[in-house]
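User: Please take me through this model feature by feature. Give me the rule for reading each one, then the case at hand.

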Amino acid sequence: MTQIPENKVSPRDSKLHGKHFDCVIIGAGMAGLASGIRLGLAGKESIILERHNASGGLNSFYSIDGHKYDVGLHALTNYVPKGTKGSPLTKLLRQLRIPYDALELSPQLQSKIHFPSCQLIFNNDFSYFESQVAEQFPNEIDGFCRLVETIKNYDAFSLNAPSTSTREILKQYFKNPLLESMLLCPTMYYGSSTENDMDFSQFVIMFRSLFLEGFARPLNGVRTIIKALQDKYRSLGGTRKMRCGVAKIICDEQRAQKLLLDDGSEITANKIISTAGYTETLRLCNNDKNQELENNIGKLTFTETITLFKEQPKNLGWEDTIIFFNDSDHFRYEAPSSNLVDPQSGVICLPNNYAYPNEENLEYGILRITALAHTHKWFTLDETSYQEAKQHWYTILQKTALSILPSLNESQAEFASRTIAKDMFTPRTVHKFTGHINGAIYGCPNKIKDGRTHLDNLFIAGTDQGFLGIIGAMLSGISMTNLHCLQSKE
Amino acid sequence: MTEEQVKQIVIDIINEIAPDEDTSNLKSEVNLRDQMDLDSMDFLDIVMELRKQHGIEVPEEDYPKLASLDSCADYLTPKFNA
């Protein structure tokens with residue numbers, strides 16, 4: 001299903017044809033840009049090839065009718081205040097030599113885990129979340145505190161740790177299944193590539209990034225972060241070629257020999273870092289005919305509605321930044337079995353609700369609603385049914401969100417009259433712009449933690465390698481580049 | 001080049017790669033990691049800058065020899081003077 005744009009340019013006309021690089025990076029997402037910066041800092045010649053016309057990958061942006069939209073990035077997780085030692089964000093900025101202030105991060109106001117019988121509020125001060133758990137689950141707070149100690153001391157980045165069930169481990173710390181569900185809802189929604197349970201090391205990474213660290217956002221959203229990365233990469237002499245994907249990796253048994261690009265030109269490289277996805281990358285090598293690979297294709301994907309409206313959300317009484325919701329006490333995280341979308345759980349994001357400097361804010365109120373989606377059903381709709389389905393599910397998700405947000409005392413129709421613009425993306429949209437099979441957001445279920453492939457000089461970084469979130473994606477690009485391109489000899 | 005000059009080169013590199021660390025009162029004999037928040041990724045960057053700025057190669061197995069300013073001076077000074 002890979003889309004190769006028709007390109008009339010003959011290989012001879014391409015300035016790239018015949019060029020050689022120390023390293024070719026496939027994909028200008030967070031991982032690819034971070035990888036390029038590391039190579040640039042080391043004085044290596046690299047090129048980033050991106051099929052889409054905008055950088056960012058799964059965390060990108062677009063405009064329609066003059067309105068700017070973000071894809072991905074509800075919140076930058078792993079937020080810590082400037083000067084915090086030893087945190088992933090601090091390490092990452094140091095590795096990229098990007099100043100903290102360049103990301104223009106503003107912290108969240110407060111977020112919520114919303115279940116019918118219980119709500120837990122949290123912000124960037126972990127002790128507040130702890131007090132919420134103590135208040136709502138007085139019998140479980142000791143177990144919860146023991147869990148937090150375990151999480152703080154856990155080596156989540158070990159490259160060869162065995163996979164263990166989070167649900168089984170949580171049961172060792174507390175008995176109330178509601179608390180288990182309430183902790184899994186946000187951690188799975190913000191990073192799980194597996195259904196209903198997740199590997200404990202992934203849970204640890206998510207728990208730290210959401211609760212022990214926190215949420216922040218630049219006023220201008222993901223554009224600010226991408227610009228900081230692009231500017232740094234460019235300043236180091238790196239080349240970025242947009243609208244030019246890799247059509248094929250030509251290889252022998254052991255090594256990638258050449259890359260055939262969408263425009264027909266051929267280039268060579270000592271090493272290749274691919275952020276296109278694991279199976280997606282092996283397909284480029286025509287090496288995807290085995291069952292293990294088939295079983296390791298990500299299935300979980302989402303739809304998201306985005307609504308721009310006239311008021312600032314706080315004027316409507318909507319003061320939360322992110323709300324993770326579930327409509328029963330038992331949280332299920334799985335691809336919907338019959339419907340196109342499962343509105344029983346999801347995430348509501350109000351990007352206006354960050355503490356932006358100088359009382360500045362976004363021009364309009366923005367309401368984003370994310371829910372799990374059925375990949376195959378979205379992919380097989382014809383164009384008319386697709387548009388109808390988008391309209392149908394937009395309405396349902398909007399209704400769901402309005403039932404969870406503090407009551408407006410107005411009908412959905414009245415709220416609709418406040419609306420300035422709206423859009424919705426589906427698994428199809430994600431696939432179209434990222435090339436990820438199934439439009440999967442969090443990649444394959446079994447992560448390629450060491451980044452190695454069957455070829456000696458081809459490596460995987462990004463969501464399929466195993467670090468999560470935007471910060472995780474950048475750390476993935478950094479650590480795989482360090483390990484495979486900068487530490488090891490040619 | 002003297003050992004003191006080599007130490008200053010290492011300090012300059014640390015200032016560049018980790019501008020948030022205070023390098024003004026480093027003790028020469030104490031491990032750098034015990035005095036600052038540096039990890040293995042930072043040491044990779046020290047090695048990277050030694051290569052880029054001074055053409056000095058430090059193979060991976062020798063990274064432990066960069067533990068303190070004194071050990072850096074012992075290990076790097078002959079390389080600078082070679």
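User: What should I know before starting?

Analyst: This is a predicted model, where local features need pLDDT of at least 70, side-chain atom pairs count only at pLDDT 80 or more, and totals for chains, interfaces and linings use all residues. Residues are numbered from 1 along each chain as its sequence is written, while chains are lettered from A and ligands numbered from 1 in the order in which they are written.

User: What is the strand order of the open sheet of 7 strands in chain A?

Analyst: Terms come before the case. Strands (E, at least two residues) and helices (H or I, at least four) are DSSP runs, numbered from the N terminus. Two strands pair if DSSP finds at least two bridges between them. Here the order is β7-β6-β14-β15-β16-β13-β17 (chain A), with mixed pairing. β7 (118–122) and β17 (419–425) of chain A each have a single partner strand, so they are the edges, and one side of each lacks a neighbour in the sheet. On average, neighbouring strands are turned by 15° against each other, direction ignored. The axes behind that angle are lines fitted to C-alpha atoms, for helices over the stretch in contact; angles run from 0 to 180 degrees between N-to-C directions.

User: How many residues link β10(A) to β11(A) in their hairpin?

Analyst: The link has 4 residues. β10 (residues 246–251) and β11 (residues 256–261) of chain A are antiparallel, with 5 bridges. Ile250(A) is opposite Lys258(A).

User: Where does helix α7 of chain A bend?

Analyst: A bend at a residue is the angle between axes fitted to the seven residues ending there and the seven starting there. Helix α7 (residues 200–213) of chain A bends by about 30° at Phe207(A). Burial counts other C-beta atoms, placed from the backbone, within 10 Å: 20 or more is buried, 12 or fewer exposed, in between partly exposed. In α7(A), 13 of the 14 residues are buried, so the rest of the structure largely encloses this helix.

User: Is Asp65(A) buried or exposed?

Analyst: Exposed, because Asp65(A) has 7 C-beta neighbours inside 10 Å. Asp65(A) sits in the loop between β3 (61–64) and β4 (67–70) of chain A. Its phi is positive, about 50°, although it is not a glycine. Asn196(A), also not a glycine, has a positive phi of about 65°. Asn196(A) lies in the loop between α6 (177–189) and α7 of chain A.

User: What does chain B consist of?

Analyst: Chain B has 4 helices and 0 strands. Of its 82 residues, 27% are buried. Its C-alpha atoms fill a box of roughly 30 × 25 × 20 Å along the principal axes.
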